[in-house]
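Here is a short report for a reader new to this structure. Please look over the sequence and the model before reading on.

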Amino acid sequence: MNFQVFLDIATVALRILMPIYAVFIIYQCFASMRRQRRPEKPLVTLEIKNTGQKLPVLFWENSIGRSRGSDIVIADSTVSRDHCVLLRRAEGWFVSDIGSKSGTFINGEEAIGRERVLIDDEITVGTTTLVLKRGEEYQERIRPSWFFSKASDKGSLQPYKLMLLITFFHLFMAVEACFSNEVQDFVPLYVFGAFTVISWVFFLISAYAFNRVNFELEALGLFLSGIGVMLLVRQELRSAFVQMIAMTFGLILYSFLVKFIENPDRVNSWRLAIMIGAVGLLAINLVFGRVQNGAANWINIGGISVQPSEFVKIAFIFVGASALDRLQTKRNFIEFIIFSAICVGALALMGDFGTALIFFGTFILIAFMRSGDFKTLILALAAAVFGGIIVLKFKPYVADRFAAWGHVWENAQGAAYQQARTLTYTASGGLFGVGTGNGYMKYIFASESDLVFGLVAEELGVIIAFAIAIAIVALAFYSRAVTTRSRSSFYSISACCAAGLMVIQTALNIFGSTDILPLTGVTLPFISAGGSSIISCWGLLAFIKAADERTYSQKRILRGED
């Protein structure tokens with residue numbers, strides 16, 4: 001058997017193996033997220049003094065009130081619907097009244113602001129008195145969150161083993177690219193080597209400098225980021241290195257944000273400053289923005305193109321989550337509505353309607369979480385439809401995209417050229433793809449960014465393309481599951497909103513490029529080329545990381561020693 005025949009057989013075997021390998025890696029990431037959890041027992045309990053009934057306190061922040069939406073429901077007509085909040089901090093347990101009619105009392109004295117409570121202290125709301133007791137006194141079985149309900153007792157995959165799995169997957173992509181049909185050299189291995197060094201340095205710093213014993217979210221981010229980098233090697237080598245450099249800045253931002261929001265009380269003090277900074281960024285973009293692909297959403301800084309709206313996504317989640325926190329006032333939420341209108345309006349003026357749609361979708365999610373009112377949702381959607389009609393009237397190129405929507409083959413050489421090529425090359429890739437660097441989608445404009453789903457499907461196969469989409473959607477389900485264990489409602493809300501933003505962005509990218517929705521020109525998280533985009537994705541991932549109760553725990557607790 002000559003070398004070429006051996007190479008052909010090995011290449012085919014590798015293409016068949018890689019989709020299975022990718023699914024296995026994603027499965028291991030999420031399987032590990034379900035393990036190494038604290039037992040399903042209350043942190044403390046509240047005992048109703050007159051009846052002796054025990055109410056489990058499961059969360060780090062717990063709303064107490066008459067409303068069914070409260071974490072701890074008190075069936076007492078003298079208790080306000082949203083009466084007070086019982087919260088845990090590093091210093092202990094605290095109670096804070098949130099504007100109740102009758103007030104909140106601790107051992108007979110009215111609570112002004114945030115008041116400390118100790119075990120056996122009495123908390124009076126309305127005519128009901130609650131006694132704070134230790135969690136061990138609650139004997140009933142607690143039904144665990146659905147995400148963790150079937151979690152295995154076996155230990156999670158050790159982080160370094162997960163990193164090894166990911167490293168070998170990227171190596172296989174590099175090997176495929178080395179023997180592509182058009183160019184055969186070892187440059188992809190150099191890129192792989194650089195990416196591997198960055199990834200492992202980040203892993204070691206996380207493990208030893210920050211004492212992070214759980215690494216699943218970071219591993220998933222590195223896995224997806226690596227796929228994006230390796231796809232660029234045979235398309236534009238310089239972009240691959242730029243993407244790695246940007247990812248490095250993203251990892252730094254990620255580490256900073258996780259540390260910055262470690263203290264929930266620090267969040268609100270920075271809310272206004274971050275809001276002003278975000279508006280300032282958009283204002284600079286409006287004044288100095290450079291038109292690219294129909295939108296003036298880029299600015300040049302020292303020869304480097306930056307997309308400020310990507311960084312504003314992080315500020316948007318930060319401000320929205322802090323405004324939505326139960327401890328905040330209605331005035332803060334009104335400020336967030338104004339902030340949202342400024343962000344969406346500025347993006348519309350820039351012509352970046354894809355990002356404006358992402359912001360609007362995230363605002364809808366936050367607004368609904370805040371009010372739970374479908375009337376609010378319908379009113380906001382009606383306003384969006386009205387705004388969309390105005391856009392179609394005054395922005396002809398947007399109207400052209402809508403006109404081509406659903407008529408891709410009739411306009412295959414015109415307005416729907418990109419979608420037609422995406423569908424064609426996705427089909428040619430089949431289940432297992434044609435191999436890294438062997439596709440033709442890379443010659444289509446924006447294939448590395450707006451149309452990257454087609455590039456992944458052609459070169460790596462439909463199985464991997466859909467596995468990536470499912471992984472991002474699964475982040476939203478994971479974020480929802482960990483909210484019951486978060487140390488603060490800010491963490492819970494920001495995690496859900498960050499994951500929701502990424503899901504909205506993923507849907508717009510995939511459905512737009514495949515003609516299920518009009519093409520909006522947004523990136524696929526972690527995969528698409530774009531320095532600002534990948535930095536933003538790592539920033540958003542930090543909010544999800546912070547929601548995991550293990551993030552700020554000590555190793556001895558995670559090992560079950562406490």
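What follows covers the cores, a sheet and a helix.

This is a predicted model, in which local features need pLDDT of at least 70, side-chain atom pairs count only at pLDDT 80 or more, and totals for chains, interfaces and linings use all residues. Residues are numbered from 1 along each chain as its sequence is written, and side-chain values use heavy atoms, with hydrogens and water left out.

**Cores**

A nonpolar core is a set of buried Ala, Val, Leu, Ile, Met, Phe, Trp, Tyr and Cys residues joined through side-chain atoms within 4.5 Å. Buried means under 20% relative accessible area, exposed over 50%, and partly exposed in between, with a 1.4 Å probe and protein chains only. The largest nonpolar core has 99 residues. Those touching the most other members are F30, F169, F223, I227, I261, V456 and W538. Take V456: beyond its neighbours within four places in sequence, V456 is in contact (heavy atoms within 4.5 Å) with L231, G461, I464, A465, I468 and I527. Another core lies apart and holds 22 residues, including V44, L55, I72 and V117.

**The sheet**

Strands (E, at least two residues) and helices (H or I, at least four) are DSSP runs, numbered from the N terminus. Two strands pair if DSSP finds at least two bridges between them. An open sheet of 5 strands runs in the order β4-β3-β5-β6-β9, with mixed pairing. β4 (72–73) and β9 (114–117) are at the edges; each has a single partner strand, so one side of each lacks a neighbour in the sheet.

The table shows how β3 (residues 61–65) pairs.

How much of β3 is buried? 5 of its 5 residues are, so β3 is largely enclosed by the rest of the structure. E61, S63 and G65 point one way from β3, while N62 and I64 point the other way.

**Helix α12**

Helix α12 (residues 417–429) has 13 residues. The expected span of a helix is 1.5 Å times one less than its number of residues. For α12 that gives 18 Å, and its end C-alpha atoms are 18 Å apart, which agrees. Its buried residues are Q418, Q419, A420, R421, T422, Y425, T426 and G429. Among the elements covering them are α13 (452–460), α14 (462–482) and α15 (489–513). Just after α12, G430 takes a positive phi of about 65 degrees.
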